[in-house]
Amino acid sequence: MENCLFCKILSGEIPSQKVYENDYVYAFRDINPQAPVHVLVIPKKHLASLDDTDNASDRDLAECLRAVRLIASRENLANGYRVVSNCGPDACQSVHHLHFHIIGGRKMEEKMA
């Protein structure tokens, strides 16, 4: 998508701090971290959100989740981490490209809202 921030990051048009990449996903540090570790994992194929997964292959989606586990391990999040994917306006999705936040490096609050 031509105006998608994350597609521009994927193309190298906008710089990012890469954490991980394979043929299916790209992961980078969030520019406004909510915890000591805050990494975004995105599929290389543009999908607007989890509501758009009918247009994704099982491999695209599985690779996102496999990347989450691998990155959490590399980031030493052995005590735990949170994975979040905002979907739609009520969830405050600000970039309409499917992405998973890996948040960790500190004790999370029990209440998520």
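# A guided tour of the aromatic cluster and its surroundings

A search of the whole structure, which is a predicted model, finds 2 aromatic pairs.

**First stop: Phe6 and Phe28.** Please select Phe6 and Phe28 and display their side chains. The ring centres of Phe6 and Phe28 lie 5.5 Å apart and the planes meet at 75°; since planes over 60 degrees apart count as edge-to-face, the pair is edge-to-face. Distant parts of the chain are linked by this pair: Phe6 belongs to helix 1, whereas Phe28 belongs to strand 2 (residues 25-29), and 22 residues separate them.

Are these two side chains buried or exposed? Phe6 has a relative accessible area of 4% and is therefore buried. Phe28 is likewise buried, with a relative accessible area of 4%.

Ring pairs join Phe6, Tyr26 and Phe28 into a cluster.

Where does Pro15 sit? Pro15 is found in the loop that runs between helix 1 (5-11) and strand 1 (18-21). Its relative accessibility is 73%, so Pro15 counts as exposed. A distance drawn from the C-alpha of Pro15 to the C-alpha of Phe28 spans 9.9 Å, and the two residues are 13 apart in sequence.

**Fourth stop: the whole fold.** The protein contains 2 helices and 5 strands. Along the principal axes, the C-alpha atoms fill a box of roughly 35 × 30 × 30 Å.

With contacts displayed, consider those between residues at least 6 apart in sequence: 54% of them join residues at least 24 apart.

**Last stop: the surface.** What share of the 113 residues is buried? Buried residues account for 41% of the 113. The accessible surface of the protein amounts to about 7,100 Å², and carbon and sulfur atoms contribute 47% of that area. Colouring by charge brings up 13 positive and 15 negative charges, whose mean positions are 8 Å apart.

Key: Residues numbered from 1 in each chain as written. Predicted model: local features only at pLDDT ≥ 70, side-chain atom pairs only at ≥ 80, totals over all residues. Heavy atoms only, no water. Helix = DSSP H or I, 4+ residues; strand = E, 2+ residues; numbered from the N terminus. Buried < 20%, exposed > 50% of the residue type's maximum accessible area, 1.4 Å probe, protein only. Contact = heavy atoms within 4.5 Å. Areas by Shrake-Rupley, 256 points an atom, 1.4 Å probe, with all protein chains shown as cover. Lys, Arg positive; Asp, Glu negative; His and termini not counted. Charge placed at Lys NZ, Arg CZ, Asp CG, Glu CD. Phe/Tyr/Trp six-rings, centres within 6.5 Å; stacked < 30°, edge-to-face > 60°.
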